[in-house]
Every structure is written in C-alpha cells, then in structure tokens.
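Morning, everyone. I'll take you through a few local features, then stop for discussion.

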Amino acid sequence: MSIQQTDVLYTAVATAENGRDGRVATDDGRLDVVVNPPKEMGGSGSGTNPEQLFAAGYSACFQGALGVVARQEKADISGSTVTAKVGIGRNGDGFGLIVEISATLPNLDAATARALLEKAHQVCPYSKATRGNISVTFA
C-alpha cells in the first residue's frame, strides 16, 4: 500500500553530479561525498559508491524495523547489529541489485532471531520498496 503526500513526515533530498563518477550531496549539507565506481566495475574505487550508500541506508532502516518488532515481541536485541550486503551485476541489457541481510542478535536463540528478522522484513520501508523487485535474502 502506497502512502499519500499528506502522509509524508520527512523528505530526504540529495543531488548527484556526474552520476556514478562524481559527487552526491544532501540539501542540508549533512552528506557530501565523492562517488566513484568500484575497481571491480572499472572505476578508481577512491570514493564511495551508490551500492555502499544503499547498503548503509538499508541496514540502518532494517535495524530500526527490528527494534519495532522486538519491542512488540518483548525481545531483547541489545548489542545487535544488522549488515546489508548489496551486490550489483548485469541483468539483461542493464544492471540489477541483490541484497543479503545478516544480523547478530546475541541475546536470542536462532529460531527467535529468525522470526524477528522475518517480521522486520515485513515492516521495513526499504524491504517494502524492494519487495518483488530485487532478491533479498537472510544469511
């Protein structure tokens, strides 16, 4: 279900110059980074790249969603971490993404941790945005 403009609580604004080999900055100046293709894709690898930025955003958002479901389930996720691995590769006539999410939940058994990850995947805005568009798996 899509949200309406009247439902928006915050809008992030970022502008790119020169695409994957340039600069990306937010309108508030809090993020201003050089972007370059990684060496594996023929670039210099000297800056960050869109996949790293996406992985950072997805992992932070997913950890937030995990916190929401953990509070609902009264589960202790203190000391937890979430890692998102974002891969890019050829997909027909262009490129596509693939994501692998892993989490360290030191205070939970494996079954409880897995159940929380699945629930977080249902509520995380990044997961909702990518569902049906890219492969997202759990490690």
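First, the ground rules. This is a predicted model, where local features need pLDDT of at least 70, side-chain atom pairs count only at pLDDT 80 or more, and totals for chains, interfaces and linings use all residues. Residues are numbered from 1 along each chain as its sequence is written, and side-chain values use heavy atoms, with hydrogens and water left out.

Strands here are DSSP runs of at least two residues, numbered from the N terminus. Strand E1 spans residues 14–17 and strand E2 spans residues 22–26. They pair in the antiparallel sense over four bridges; pairing takes at least two DSSP bridges. Alanine 16 has valine 24 in E2 as its bridge partner. Four residues sit between the strands, and asparagine 18 takes a positive phi near 65°.

Now the surface. Met41, Ile88, Phe95 and Leu97 form a nonpolar patch. Together they have about 310 Å² of accessible area, by the Shrake-Rupley method with a 1.4 Å probe, counting only the protein chains shown as cover. Nonpolar side chains are joined within 5 Å, like charges within 9 Å. Phenylalanine 95 lies in strand E5, residues 94–104.

Cysteine 124 is in no disulfide either.

Definitions and conventions
Patches are made of residues with over 30% relative accessible area and no salt bridge: like charges are joined within 9 Å, nonpolar side chains (Val, Leu, Ile, Met, Phe, Trp, Tyr) within 5 Å. A salt bridge is a side-chain nitrogen of Lys or Arg within 4 Å of a carboxyl oxygen of Asp or Glu. A disulfide is a pair of cysteine sulfur atoms within 2.5 Å.
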